Amino acid sequence: MAEDSPDLFGTLKRVFGYESFRPLQESIITDSLAGRDVFALLPTGGGKSLCYQLSALIRGGLTVVVSPLIALMKDQVDALQSAGVAATFLNSSLSADESRARLRALHNHEFDLLYVAPERLMLPGFLQDLQNWHVALFAIDEAHCISEWGHDFRPEYRQLANLREQFPKVPFMALTATATERVKNDIVKQLHMHDPAIAVASFNRANLSYRISGKQKAYDQVLNHVHSQRGESGIVYCQARKTAESVARKLSLDGVAAAPYHAGMSAEDRSKNQEAFLRDEVHVICATVAFGMGINKPNVRYVIHYDLPKNIESYYQETGRAGRDGLPSDCLLLFSSGDRVKYARFIDEKTDPNEREIAHTQLEQIVHYAEDANCRRRHLLDYFGETYPDDNCGACDNCLNPRETFNGTVSAQKFLSCVYRIKERSGFSVGIGHVVEVLSGAETEKIRRWGHDKLSTYGIGKEHSRKEWQSIGRELVRLGYLLQDSGKFSTLNISSEGYTFLKSRESLELTRPVAAPEVRAQRAGEIECDDSLYDRLAKLRKQLADERGVPPYIVFSDVSLRQMARYYPQSAEEFSRISGVGEKKLKEFGEAFMESIEEHLETYPKHQFQDVAPIEPTGSKRTDTVEETLKMFQSGMDLEEIAAERKLKAGTIATHIATGFEAGQDLDINRVIEPKAQNEMAMAFKKTGFASLGATFRALGERYDYDQLKIYRAYLQKQG
C-alpha cells in the first residue's frame with residue numbers, strides 16, 4: 001500500500017513515469033509531508049493533482065481529495081489505477097452495491113486516495129468513518145469554490161470549515177487554478193489553515209499561442225482552422241446554445257467528428273458527448289461555458305472562441321484547457337465590435353446596478369485585450385499582477401505579425417475635441433457611440449435635440465468608417481487619453497493626459513483594427529517525430545483504451561507517443577525512459593508498443609532528428625547517463641563543470657550523484673559538501689528525518705540548497 005521510501009524522484013518516475021517536477025510541485029509536496037498546511041495556486045495544466053497524489057504514496061494513511069466534479073473524480077481514479085495506485089471515489093454515480101464494496105475496502109485500509117464530494121464528506125456518519133480510516137491529508141481541489149469572491153462559489157464548500165474541528169491535527173492542502181489575492185486570503189480563512197505554506201506559480205502558459213482574428217464569415221474561419229489541425233482535439237466556445245448546436249451540426253456535415261455540449265441538453269446527452277470527446281471518438285466539442293471545468297483531457301490542441309468571452313478570467317480559464325500536456329497548442333478568438341455592442345445590451349438588462357457596473361468593466365477589459373496591439377501574453381499576465389520580462393513572446397499574433405500602424409494624430413485630435421465640445425455644449429458626457437455619430441455627421445433625433453449638429457466637430461470625420469472611429473475611440477481609452485465610466489452608459493471624459501496631448505500637438509501612432517484572415521502562429525516547442533509511426537501508435541493506444549473502457553490519454557499521453565515516435569525505443573530500458581512510463585505501464589503496455597515500433601521499422605527507415613539524445617532518467621536505477629556523470633565526477637570535474645559539459649541542469653547532475661551514493665558507489669562526499677556543512681546537515685536530518693527535504697531545508701535556516709540536501713541524504717542513508 002503506502003510507499004515506504006522517502007525518495008520523491010524515485011517514486012515520481014516509478015509510479016508516474018516523469019523525470020522531473022513542474023514548477024513548485026516539489027516544494028508543495030515537501031511542505032505537506034512536513035505536516036504544514038499548504039495553499040497552492042497553479043495554472044491549469046500546472047500539475048495540481050500530482051501534489052497530493054505523490055505525497056499520498058509517500059506519507060501513508062488515507063489522503064481524502066474533496067472535489068465537486070463527478071467526471072473529474074472518475075477520470076483521475078482511472079489514471080491512478082492505470083499507474084498501479086490504490087485509489088477510489090464515492091459519489092452518486094455508484095450503485096448501492098458498488099458503494100458498499102468500496103466502503104468495506106476503506107474500512108480494511110486498502111486505499112491510498114479517496115475522492116469525495118463536499119456534501120457527502122460532511123455527513124455525520126461519514127465523518128465518523130473518516131475517524132477510523134487514518135486520514136493523513138485533506139486535499140481541497142477547486143478550493144476557490146469555498147469563497148464567495150471566487151468565480152464559481154458553491155455553498156456546499158462552506159461546510160468544509162468544520163473539518164478542522166473534527167481533524168485538528170490533519171494537514172490541509174488547498175489547490176486552485178484561479179484565485180485573486182482576495183480569494184486566496186478567504187480560502188485560508190474559511191479552512192482555518194494554520195500558518196500555511198503559500199505556493200503561487202506563474203500564470204504564463206508558455207506552450208499556448210494566442211491569436212485574435214477579425215470575425216468575418218465565422219463558421220468558415222472555424223472550419224479552416226479545424227481542417228488545419230489534422231484530426232486533433234479542439235473546443236469551440238460559443239455564447240449561445242443555439243450557436244453551439246449550429247456549429248456542431250455544420251462541422252458534422254463537413255466531415256468533422258463534432259458534437260454540441262450545453263446546459264439545455266439532457267444530462268445523458270451531455271455525458272455521452274463528453275465521453276466521446278474524451279475517448280477521441282469526437283474531435284471537436286462545440287460548447288457553451290457549461291463545458292470544461294474538471295475536464296482533464298491533456299491533448300486538446302486548440303480552443304476557439306466563436307464569440308467574445310464575458311471577461312478575462314473566463315478567457316484565461318477556457319484557453320487554459322488547451323495543451324495541458326505541455327505540447328504547443330493554439331487559442332483563437334474571433335472578435336467583432338458587434339459582439340461588444342450585443343453583450344453591452346445584455347448587461348444593461350441587469351437590475352442590480354453593482355452587477356451591471358462590474359459586468360461593463362469586465363466587458364471593456366476583454367475588448368481592450370482583443371484590440372490591443374501589444375503582446376497578448378504580456379497583457380494577460382499584467383491583468384493577473386505578473387510582469388512578463390520580454391517585449392516579444394514569439395507566440396501571439398501581435399508579436400509574430402505586428403499590426404499595421406498609421407499616423408493617428410489628426411484622428412485622435414478630432415475624437416478628443418469632439419468629446420470636449422459635446423460636454424461643453426450639453427454639460428454632460430456621452431458614450432463612444434454618440435461621439436462617433438457626431439463625427440460621422442449622422443442625422444439622429446438625439447443629435448438634433450441636443451444641438452450637436454451645430455458643433456464644429458459635427459461631420460468632420462468622414463475619412464473613417466463608424467467601425468474605424470469606434471476602434472480609435474477604444475484605443476484612446478486604452479492609451480489613457482480618455483476615461484470611460486463603467487456604468488450603464490459608459491460615458492467618456494478627457495483625461496489629464498488627453499488634455500496634454502491636445503495642447504502639445506505631439507504626433508501619435510494608432511493601430512489598425514484586428515482584421516481577418518488570421519495569421520497562424522508558429523508552434524515553437526513541438527516535439528518533432530515520425531508522423532506515420534505516431535499515427536500507428538495512436539491507433540494502438542485507442543484500441544488498448546477501448547478494451548479497458550478508458551480514454552486514450554489514460555494509456556499514454558501525446559507527449560509519450562511523440563517521444564516513442566522520435567526515439568524508437570526497442571528495449572525495456574529505453575522504453576522506461578519515455579515520459580509517462582512508470583513500472584506498471586512498462587509491464588502492461590511496453591511489449592505491445594515496442595512490437596508495433598519494430599513492425600514499423602521493418603517497412604520504414606528511422607527518421608533522423610537533430611539533437612536526439614537519450615532521455616534523462618531519474619530515480620533509483622543506475623543507467624548509462626548516470627554512469628557518464630559519475631565517471632566525469634571521479635575524473636575530478638565538479639558538478640557545475642559536468643552540468644555545463646553535458647548541457648544538463650544542475651539539479652539533474654545532483655540527482656545522478658545522489659543515485660551513485662544510493663548504489664554504494666565509492667564517491668568523495670567532501671568534494672560536494674564541506675565537513676562543517678555535513679555536520680550541520682547530519683544534525684538536521686536526525687531531527688527532521690528523511691521524508692521531507694523541505695523540513696530539513698527550513699531547519700537549517702535555508703542556508704543550503706535542495707541539491708546539496710538531496711545528495712547528503714543519499715549519503716547518510718547509505719551509511720546506515
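Guide: One term before we start. Buried means under 20% relative accessible area, exposed means over 50%, and partly exposed is in between. Also, this is a predicted model.

Visitor: How many aromatic pairs turn up in the whole structure?
Guide: A search finds 21 aromatic pairs. Take tyrosine 383 and phenylalanine 384: their ring centres are 5.2 Å apart and the planes stand at 90°, so that pair is edge-to-face.

Visitor: Why give both a distance and an angle?
Guide: A pair of aromatic rings is described by the distance of the centres and the angle of the planes.

Visitor: Which residues do ring pairs link into a cluster with Tyr383?
Guide: Phe203, Tyr316 and Phe384. Ring pairs join them and Tyr383 in one cluster.

Visitor: New topic. Where does alanine 359 lie?
Guide: In helix α15, which covers residues 353-371.

Visitor: Buried or exposed?
Guide: Alanine 359 counts as buried, because its relative accessibility is 13%.

Visitor: What is alanine 359 in contact with, leaving aside neighbours within four places in sequence?
Guide: Ile347 and Lys350. As for aspartate 348, it sits 11 residues from alanine 359 along the chain, and their C-alpha atoms are separated by 9.3 Å.

Visitor: Let's zoom out. How many helices and strands are there?
Guide: The protein has 33 helices and 17 strands.

Visitor: What about its overall dimensions?
Guide: The C-alpha trace spans about 95 × 60 × 60 Å along the principal axes.

Visitor: How much of the protein is buried?
Guide: Of the 720 residues, 57% count as buried. The protein exposes about 31,800 Å², and carbon and sulfur atoms supply 48% of that area.

Visitor: What share of contacts comes from residues 24 or more positions apart?
Guide: They account for 73% of the contacts with a separation of 6 or more.

Visitor: Last one. How many positive and negative charges are there?
Guide: There are 90 positive and 100 negative charges. Their mean positions are 5 Å apart.

Conventions. Residues are numbered from 1 along each chain as its sequence is written. This is a predicted model: local features need pLDDT of at least 70, side-chain atom pairs count only at pLDDT 80 or more; totals for chains, interfaces and linings use all residues. Side-chain values use heavy atoms; hydrogens and water are left out. Helices (H or I, at least four residues) and strands (E, at least two) are DSSP runs, numbered from the N terminus. Buried means under 20% relative accessible area, exposed over 50%, partly exposed in between (1.4 Å probe, protein chains only). Contact means heavy atoms within 4.5 Å. Accessible areas come from the Shrake-Rupley method with a 1.4 Å probe; for residues, only the protein chains shown count as cover. Lys and Arg count as positive and Asp and Glu as negative; His and the chain ends are not counted. The place of a charge is taken as NZ of Lys, CZ of Arg, CG of Asp or CD of Glu. Rings of Phe, Tyr and Trp (its six-membered ring) pair if their centres lie within 6.5 Å; planes under 30 degrees apart count as stacked, over 60 as edge-to-face and the rest as tilted.
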